[in-house]
Amino acid sequence: MDIGFTEEQELLRETARKFLDGECATKFVREMMVTETAVTAAFWQQLAENGWLGISYPEDNGGSGLGMVDLVVLMEEIGRAVMPGPFPATVLLGGAAIAEAGSAAQRGEYLPRVADGSLNATLALTEANARWDAAGITISAREERGGFTLSGTKMFVPDAHLADVIVVAARSRDGSTMEDGISLFLVPKGAGGLSVKLLPSIDETRKLCEVTLDSVQVPASALLGELHAGWVPLSRVVDKAAVALAAEMCGGAQKVLDITVEYAKLRETFGKPVGTYQGVKHKCADMLVEIENAKSLTYYAAWAIDEGAEGAAQAVSMAKAYASDASRKVCAAGIQLHGGIGMTWEHDLQLYLKRGKACEVAFGDATWHRERLARLMGA
């Protein structure tokens with residue numbers, strides 16, 4: 001493993017930070033929070049022009065053809081800026097599922113439009129049981145009339161109200177294992193029997209939806225990948241998305257530490273900055289240790305995925321579990337060190353706390369990933 005980033009990756013970090021500092025200040029984030037879309041068309045188009053919407057898709061499909069490590073670099077900066085909008089839903093989930101499982105024709109039809117910003121997508125995976133494993137997928141897909149009929153309800157679907165196409169994970173048969181019999185389907189916006197309802201969520205910069213499929217009929221061409229064999233590509237998409245969110249939590253936690261250290265230098269008590277007190281210094285040092293450990297695990301998980309390394313799944317769970325805990329601890333410590341002002345709506349810390357909490361539970365929280373890690377280890 002090559003420890004460190006390439007010159008191109010450092011340039012990506014630098015340009016991403018410069019762009020987000022200029023175009024995605026917290027004033028913009030707060031303005032987007034109260035809107036239904038949480039993003040403007042102009043901002044979304046800028047992301048497309050930057051090449052971010054197709055960063056991990058093949059060049060043949062309009063993307064940049066970059067790997068997970070490059071995506072992690074970008075996601076750190078996105079977390080640092082608390083960038084609003086359906087980037088994870090479209091790029092990490094819906095578009096990624098098409099890239100992973102789709103046929104050449106499906107990839108050619110959808111991915112260039114995702115990359116140029118003209119099409120939004122998402123992935124409908126979780127249900128009311130809130131499980132992230134194959135057993136949590138219970139909605140049915142029946143073969144009939146030369147196509148499929150989908151019935152059931154999906155919960156907590158990211159930005160489904162903005163999606164032009166939803167990748168739906170459904171159970172197409174009862175297999176010998178829970179993983180067997182899961183299929184993926186492309187359901188277009190406006191399909192008969194499809195309804196989408198916004199749900200309240202802790203992170204208002206990204207919306208969650210309830211998606212109801214009432215005997216939604218789709219043609220055979222809507223099948224994404226092989227029938228009954230959708231779990232393997234789906235699990236790869238979820239693992240990559242989990243690492244991307246771990247990176248985002250690292251970026252957000254780093255920004256919280258930066259804000260806190262700057263405050264500790266300026267805020268005075270008893271005639272001197274609070275940062276000169278040992279208790280504050282130690283707390284900031286603890287925050288740094290948590291962040292650096294989370295970054296190391298996340299970078300390794302991204303590298304392991306890119307290299308197809310043995311144990312990549314274990315690396316994913318270690319990164320997601322540690323980053324989830326670290327983000328929560330760092331945000332809590334930052335608020336504590338700020339005192340009363342840290343609890344106010346006017347201060348930006350609440351934006352990072354909410355984003356971190358939303359990322360923590362997405363794709364399995366720390367407890368879920370520790371249990372998964374134990375299973376992968378044979379415990």
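Colleague: Where is His 228 found?

Modeller: This is a predicted model, and in it you can follow the chain out of strand 8 (223-224) and on towards helix 7.

Colleague: What is the phi of His 228?

Modeller: Most residues other than glycine have a negative phi. His 228 goes against that: it is not a glycine, yet its phi is positive, at about 70°.

Colleague: And is His 228 buried or exposed?

Modeller: The cut-off for buried is under 20% relative accessible area. His 228 comes in at 17% relative accessibility, so it counts as buried.

Colleague: Which loop holds Val 82, and what is its relative accessible area?

Modeller: Val 82 lies in the loop between helix 4 (68-81) and helix 5 (87-101). Its phi is positive too, near 50°, and it is not a glycine. Val 82 is buried, with a relative accessible area of 1%.

Colleague: Which residue in the turn between strand 2 and strand 3 has a positive phi?

Modeller: Strand 2 (residues 140-144) and strand 3 (residues 147-158) pair in the antiparallel sense, over five bridges. In that pairing, Ser 140 stands opposite Ser 151. The two strands form a hairpin with two residues between them, and the one in the turn with a positive phi, about 55°, is Arg 145.

Colleague: Which side chain of opposite charge is nearest to Lys 320?

Modeller: Lys 320 is found in helix 9 (residues 312-338). A salt bridge would need a distance within 4 Å. Lys 320 is buried yet has no salt bridge, and the nearest side chain of opposite charge, 7.3 Å away, is Asp 365.

Colleague: Then which residue has its backbone oxygen 3.0 Å from a polar atom of the Lys 320 side chain?

Modeller: Leaving out residues up to four places away in sequence, Lys 320 touches several others, including Ala 242, Met 249, Glu 360 and His 369. The backbone oxygen that lies 3.0 Å from a polar atom of its side chain belongs to Cys 359.

Technical notes: Residues numbered from 1 in each chain as written. Predicted model: local features only at pLDDT ≥ 70, side-chain atom pairs only at ≥ 80, totals over all residues. Heavy atoms only, no water. Helix = DSSP H or I, 4+ residues; strand = E, 2+ residues; numbered from the N terminus. Buried < 20%, exposed > 50% of the residue type's maximum accessible area, 1.4 Å probe, protein only. Lys, Arg positive; Asp, Glu negative; His and termini not counted. Polar contact = N/O pair within 3.5 Å; in protein donor to acceptor, adjacent residues only side chain to side chain. Contact = heavy atoms within 4.5 Å. Pairing = 2+ DSSP bridges.
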